[in-house]
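Have the viewer open and follow along.

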Amino acid sequence: MPERRSLLFALAVGLALGLIGCEPEADDAAEAPLPGEVDEAEIVGDLDAGPTVPPENQVTAGPGADVEREQVPSFPPEVEAGAAEWPMGNRDYANTRATTDTTIDSDTLDDLGVAWTLPTTGVSDWGASASTPVISEGVVYFQDLMSNTFAIDLGSGDPIWEREYGRAAIGPNGPSIGYGKVFIQDGIDNLIALDIDSGDELWSTQLEPHTGTHQPSVFDGNVYTGTGAGTPAEGADDAAGRESYVGGVSGKVYAVEQGSGEIVWEFQVVEEGFWGDPERNGGGGIWYPPGIDTDTGATFWATGNPSPFPGTIDNPNAMSRPGPNLYTNSLLALDGESGRMDWYNQVKPRDMFDLDYQISPILATAEIDGEQRDIVMSSGKLGHVHAFDRETGEILWQLEVGEHVNDDLQVLPHGEEVFVMPGVWGGVETPMAMADGQLYVLVLNLGSRYTATGHDAEEPGDAVAAAEGHTNLEEADSVFYAIDVATGEVAWERDFDGPAFGGATVVNDVVLTATLGGEIHALSRDDGETVWSMQAPGGIIAWPAIADDTIVWPVGLGSEPVLMALRLGAEGEIVPPAAGGDTEAGDEPGDEPEPGDDPEPGS
């Protein structure tokens, strides 16, 4: 069973396999009886329990810790040279996704036209693109969901070089740049360095357990990256062969020396010992770039959910993992040089419903209770936003966003189907943004239907597929929030019909987002009203980069996915997709679906 990432399997399962608009089918099989007489307290355990093994056991030094390192500046020259463009996945080390270095604003948006489009032919089961391009010195660096990587001239849209891999990635993926290199993950288990001028491969380092789900960050001579929580099936050569949530498999955080590709340190997210049952327990994937405090070298990572969830036939209600399941659903502060964990704060102990805490942490300084505090903010599919003290991990405020139903349950009634919101594809799925004391957050209101045995799942991966199969995207709506960074109070909110995975990106006095169907909206930062909009030529599950007078936005769903550049004064136009015809993932470029020909699940 392929490993999942919420928004990307939403496309693979809900779109490409035709589940949108289909009501979940009731299970024909009866739930298996609960083995033995086990009370709820024994199943759940002590959710306030601390670490059971020394936290330092989570980190392992690699050979890169002892190699003679190339002497390089802390800030990669390419990042510094592109500081007024978009040189990192979330633009900067604080993950703000905000720019004022552009002439695009509410007064000039109507002058946007299409400067160029570049066909994206690397299409996996999850679409063609699910990441942010990076831009430095007039060059766009972009990775598609077949792990193929490109350097593109920002002005003309002409490719400068292309490196083909053809390895299906789950995403979100994407490139990072620094020290004369482009760093990418492939769809198997490798971190790769390419020559920034030619695209030639310089080194490749094997990571565990698998790659293709993370956009790296580069600082102080290290490449910081993370891995998912699945493992390759026997004989698999890309993400299409992932087995999700295999027992004894944990997501990991890595620091890799940029010159040699040697691992400096690695940090295992799941507590050593796998909560007492390595045969069945795992999880803790890393999905988005860390926040990096460039003054202290501290790195901040948001972690994914534990497994199995919510259970299997022989392990109902995840009986194998009582207790808090450290360090899943947590914010981790790791020393960038050594990997030492300075603090952690677990915001959802013993998550039962795949409610990751996965979004890139955003760093800021705010006046809280009359005192200037360095803070870090994060969120995830669990539908809560938190602000932490950056030095101690203390929660300074928290806010529940979106709709919530039954998501605090720890034990499901045996033999009953329970609706939970947020579900496997709900909550905060995509990157947040911050500017001028406001945090911008896109939330998906979408629930799933669960049973104690994962709809009679035999393996944890089967339970994942069952939860996705009992989730109906047609039931979704979305809400966009503006939140005061100092107080956690909502300044305004804006509703959207249907699902949206377009994240948040601040451009001067507007904030950009997009719906799954490809409607791009520029919202006023004052009140959330749409001041400009357009229909992209396909569906969107990726996020834009902005440089000078140009927006570069991957449009990764549909029969003709493209990388699209919008520019002030450009005269090109986009022909909107036919209604209902161009938001499906997995279509071969140029192939139009036959009328009424919906793909069958499993095809």
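This is a predicted model: local features need pLDDT of at least 70, side-chain atom pairs count only at pLDDT 80 or more; totals for chains, interfaces and linings use all residues.

If you zoom in on strand S22 (residues 330-335), you'll find five bridges joining S22 to S23, the two running antiparallel. Across that pairing, Leu334 sits opposite Met341 of S23.

The other sheet to look at runs S3-S40-S39-S38, and it's an open sheet of four strands with antiparallel pairing. Here the edge positions go to strand S3 (112-119) and strand S38 (545-547), each pairing on one side only. From one strand to the next, the twist averages 20°. S38 is held to strand S39 (residues 550-555) by three bridges, and the two strands run antiparallel. Ile546 faces Ile551 in S39 across this pair.

Side chains of opposite charge can pair when their charged atoms come close. Taking a cut-off of 4 Å between a side-chain nitrogen of Lys or Arg and a carboxyl oxygen of Asp or Glu, the count comes to 17 salt bridges. One to pick out is Lys252 with Glu208, where the closest N and O atoms are 2.9 Å apart. This pair ties together distant parts of the chain, 44 residues apart: Lys252 belongs to strand S16 (residues 252-257), while Glu208 is in the loop between strand S11 (201-206) and strand S12 (217-219).

Then there's a surface patch of negative charge, where Asp107, Asp509, Asp526, Asp527 and Glu529 gather. To find Glu529, go to the loop between strand S36 (519-524) and strand S37 (530-535).

Most residues other than glycine have a negative phi, and most peptide bonds are trans.

Which way does the peptide bond from Phe309 to Pro310 go, cis or trans? It's cis, with omega near -20°, and Pro310 lies in the loop between strand S21 (306-307) and S22. The bond from Met421 to Pro422 is cis too, with omega near 0°. You'll find Pro422 in the loop between strand S28 (418-420) and strand S29 (433-435).

Tyr179 brings a positive phi, near 55°, in a residue other than glycine. Its spot is the loop between strand S8 (176-178) and strand S9 (181-185).

Technical notes:
Residues are numbered from 1 along each chain as its sequence is written. Side-chain values use heavy atoms; hydrogens and water are left out. Patches are made of residues with over 30% relative accessible area and no salt bridge: like charges are joined within 9 Å, nonpolar side chains (Val, Leu, Ile, Met, Phe, Trp, Tyr) within 5 Å. Accessible areas come from the Shrake-Rupley method with a 1.4 Å probe; for residues, only the protein chains shown count as cover. Lys and Arg count as positive and Asp and Glu as negative; His and the chain ends are not counted. The place of a charge is taken as NZ of Lys, CZ of Arg, CG of Asp or CD of Glu. Two strands pair if DSSP finds at least two bridges between them. Axes are lines fitted to C-alpha atoms, for helices over the stretch in contact, and angles run from 0 to 180 degrees between N-to-C directions.
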